[in-house]
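Thanks for sending this one over. Here are a few notes to read alongside the structure.

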Amino acid sequence: MAGTGLFAEILDGEVYKYYADGEWKTSSSGKSVAIINPATRKTQYKVQACTQEEVNAVMELAKSAQKAWAKTPLWKRAELLHKAAAILKDNKAPMAESLVKEIAKPAKDSVTEVVRSGDLISYCAEEGVRILGEGKFLLSDSFPGNDRTKYCLTSKIPLGVVLAIPPFNYPVNLAVSKIAPALIAGNSLVLKPPTQGAVSCLHMVHCFHLAGFPKGLISCITGKGSEIGDFLTMHPAVNCISFTGGDTGISISKKAGMIPLQMELGGKDACIVLEDADLDLVASNIIKGGFSYSGQRCTAVKVVLVMESVADEVVEKVKAKVAKLTVGPPEENSDITAVVSESSANFIEGLVMDAKEKGATFCQEYKREGNLIWPLLLDNVRPDMRIAWEEPFGPVVPVLRINSVEEGINHCNASNFGLQGCVFTKDINKAILISDAMETGTVQINSAPARGPDHFPFQGLKDSGIGSQGVTNSINLMTKVKTTVINLPTPSYSMG
């Protein structure tokens with residue numbers, strides 16, 4: 001169980017500790033932050049409300065520890081990451097339990113998230129050894145007008161202190177997707193977990209602790225964003241910020257200053273369906289893409305743009321599958337579970353009521369109990385409805401009927417988001433042309449949007465983000481190029 005056995009030291013009475021200088025600590029604030037179980041709407045856990053002074057202390061430790069860590073051999077960094085991955089996977093149960101209770105993620109999906117995270121750490125260790133073990137050797141006479149009098153050696157060096165801020169919906173996986181690249185590259189890491197998801201993150205950090213990473217190299221600060229959020233993101237010791245979340249990221253990017261940013265800020269992922277598509281495949285992917293984890297995914301299908309000639313058939317097929325979705329507690333592996341908070345449920349309901357007032361067709365009766373919203377397919381949605389543009393982050397999928405491919409592309413590109421999109425057709429030429437025209441970071445052909453596998457590049461355009469994720473891209477972003485130039489007194493040519 002969470003906070004017991006191997007993890008007993010991370011819990012102090014009813015409140016989970018924060019992690020700094022290789023130790024589990026209680027905040028001097030004497031305050032805690034409650035974590036509400038979305039399904040029961042009762043307090044499930046409590047975490048420390050850390051102070052700005054404690055943030056300062058953590059940053060100083062991170063700066064000092066990073067200097068020594070950068071001198072640690074690359075193979076040793078990889079070895080410790082492999083060890084952490086093994087501990088994580090061996091102790092998946094308490095983390096999965098925490099995910100169920102903190103964010104109402106179905107039990108089987110919670111286990112999958114933890115195992116996937118362990119695999120990501122190991123892959124990152126291997127990829128880091130390959131990427132960082134290579135440098136470049138340039139010769140000056142490759143540029144016009146130069147003799148071979150300069151030898152240029154380039155390598156990748158760490159940035160320093162990386163601040164990682166994952167979201168509630170994949171707190172463990174999206175934390176390690178930031179932690180592992182930072183550490184293999186020689187950086188230190190300060191983690192600010194989301195409130196909903198903090199306890200699973202604390203368990204995950206303990207796995208790194210048990211692996212034997214140096215003191216001060218990894219820290220985990222919990223608390224209210226209103227009290228320490230800006231203080232963290234604007235801290236002068238931070239050399240890179242990797243953030244996944246919503247509009248807060250835009251605010252961070254304006255305040256962060258001249259440091260590398262890696263941000264994924266949500267999407268309104270469009271699914272374009274052509275007349276020649278495999279409609280059974282379409283229906284299955286709308287269900288998977290739109291309703292898995294109750295639609296609380298940045299890469300969820302958030303608007304279906306279907307050609308009028310096949311719209312009726314697509315809607316009927318999706319309706320039939322929606323009817324088979326189970327609704328209930330995450331412990332029972334229900335397909336649809338409670339959304340993360342009451343405010344989220346209220347926002348989703350506002351989008352639904354707006355669509356109702358403006359004449360959308362409800363394919364199911366709208367039903368809500370507390371934070372639990374039953375799956376809903378909305379047909380005949382028009383561009384004047386909020387649901388056509390805003391990201392619900394819930395189990396509601398709008399269908400817009402289109403009369404041309406151009407109409408679908410134009411709707412997709414008119415969005416301020418540009419994370420992912422998908423197109424369903426049997427004509428690969430059409431698929432490529434549409435993909436090239438869609439202003440999104442990724443386009444899936446004949447499949448719903450998805451972030452993984454975790455080594456694939458993952459990025460957004462417009463308000464969907466800055467920079468690119470994926471193991472290789474993250475390692476590269478969390479390093480900088482260092483150049484050494486050897487100047488020779490006379491030109492030197494091999495075998496000359």
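This is a predicted model: local features need pLDDT of at least 70, side-chain atom pairs count only at pLDDT 80 or more; totals for chains, interfaces and linings use all residues.

**Notes on strand S20 and its surroundings**

1. Strand S19 (residues 376-379) and S20 run parallel and are joined by 3 bridges.

2. S20 also pairs with strand S15 (residues 303-307), again in the parallel sense, over 4 bridges. Here Val304 has Val399 as its bridge partner in S20, and Met307 stands opposite Ile402.

3. Stepping back, these strands belong to an open sheet of 7 strands with mixed pairing, in the order S16-S19-S20-S15-S14-S22-S23. Strand S16 (361-362) and strand S23 (442-445) are at the edges; each has a single partner strand, so one side of each lacks a neighbour in the sheet.

4. How many residues of strand S20 (residues 396-402) are buried? The count is 7 of its 7 residues. In a regular strand, side chains alternate between the two faces of the sheet. In S20 both faces are covered, with Val396, Pro398, Leu400 and Ile402 buried on one side and Val397, Val399 and Arg401 buried on the other.

5. Helix H9 (residues 279-291) lies across several strands, including S15, S19 and S20, and runs at about 140 degrees to S20.

6. Elsewhere, have a look at the surface: Phe137, Leu153 and Ile486 make up a nonpolar patch there, with about 260 Å² of accessible area together. Ile486 sits in strand S28 (residues 479-487) and is partly exposed, with a relative accessible area of 37%.

Notes
Residues are numbered from 1 along each chain as its sequence is written. Side-chain values use heavy atoms; hydrogens and water are left out. Patches are made of residues with over 30% relative accessible area and no salt bridge: like charges are joined within 9 Å, nonpolar side chains (Val, Leu, Ile, Met, Phe, Trp, Tyr) within 5 Å. Accessible areas come from the Shrake-Rupley method with a 1.4 Å probe; for residues, only the protein chains shown count as cover. A salt bridge is a side-chain nitrogen of Lys or Arg within 4 Å of a carboxyl oxygen of Asp or Glu. Helices (H or I, at least four residues) and strands (E, at least two) are DSSP runs, numbered from the N terminus. Buried means under 20% relative accessible area, exposed over 50%, partly exposed in between (1.4 Å probe, protein chains only). Two strands pair if DSSP finds at least two bridges between them. Contact means heavy atoms within 4.5 Å. Axes are lines fitted to C-alpha atoms, for helices over the stretch in contact, and angles run from 0 to 180 degrees between N-to-C directions.
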